[in-house]
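Open the model in your viewer and keep the selection tool at hand. This short tour goes stop by stop through some charged side chains.

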Amino acid sequence: MEKRKRIYLACPYTHENAEVMEYRAKIATAMASFYMRVHEYIVFSPITYGHEVCKHGVAHGFGWWKEMDLSIIKEWATEVHCINLAGYENSVGMKAEIAFAEENKIPVIEIDHDVVAMIIRRACRG
């Protein structure tokens, strides 16, 4: 039996506007679902997970999540896939995740902009 890809889904999250964080979590969750349904990948979306946990008082910043996220990349992920939403180039967390994956020779893949646009359209209409 062929092993399925284990995808760590990187996406910008932290922002001064709570609505932006809600939007980013919605897109990350929709992308994870798309990958699971269409490609049958095993996906860990730290934004999907963390967004809900943070609603109960846990810190939003990457500093708090760094140890867990990087260990999942190193010990579990076969690839890191990046959702390059607006602001990704300033994301401390995404920069660290990408650099760490590259240092550990884990492939980093930028998700095609057309696929991201499709996910955004689907997520925002319902």
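The stops below cover salt bridges and then a charged patch on a predicted model.

**Stop 1: the salt bridges.** How many salt bridges does a search of the whole structure find? The search finds 2. Side chains of opposite charge can pair when their charged atoms come close.

**Stop 2: E79 and K5.** Select E79 and K5 together. They form a salt bridge, and their closest N and O atoms are 3.4 Å apart. E79 sits in strand β3, residues 79-82, while K5 belongs to the segment before β1 (6-10), so this pair ties together parts that are 74 residues apart in sequence. Now show the surface. Is E79 buried or exposed? E79 counts as buried because its relative accessibility is 11%, under the 20% cut-off. K5 is partly exposed, with a relative accessible area of 34%.

**Stop 3: K55 and E52.** Move on to K55 and select E52 with it. Here too is a salt bridge, with the closest N and O atoms 3.0 Å apart. K55 is partly exposed at 47% relative accessible area. E52 is also partly exposed, at 42%.

**Stop 4: the positive patch.** Select R37, R121, R122 and R125. Together they form a positive surface patch. Which helix gives the most to the patch? Helix α5, residues 113-125, does, with 3 residues.

**Stop 5: R121.** Zoom in on R121, which lies in helix α5. R121 counts as exposed because its relative accessible area is 53%, over the 50% cut-off.

Methods
Residues numbered from 1 in each chain as written. Predicted model: local features only at pLDDT ≥ 70, side-chain atom pairs only at ≥ 80, totals over all residues. Heavy atoms only, no water. Patch = residues over 30% accessible without salt bridge, like charges linked within 9 Å, V, L, I, M, F, W, Y side chains within 5 Å. Areas by Shrake-Rupley, 256 points an atom, 1.4 Å probe, with all protein chains shown as cover. Salt bridge = Lys/Arg side-chain N within 4 Å of Asp/Glu carboxyl O. Lys, Arg positive; Asp, Glu negative; His and termini not counted. Charge placed at Lys NZ, Arg CZ, Asp CG, Glu CD. Helix = DSSP H or I, 4+ residues; strand = E, 2+ residues; numbered from the N terminus. Buried < 20%, exposed > 50% of the residue type's maximum accessible area, 1.4 Å probe, protein only.
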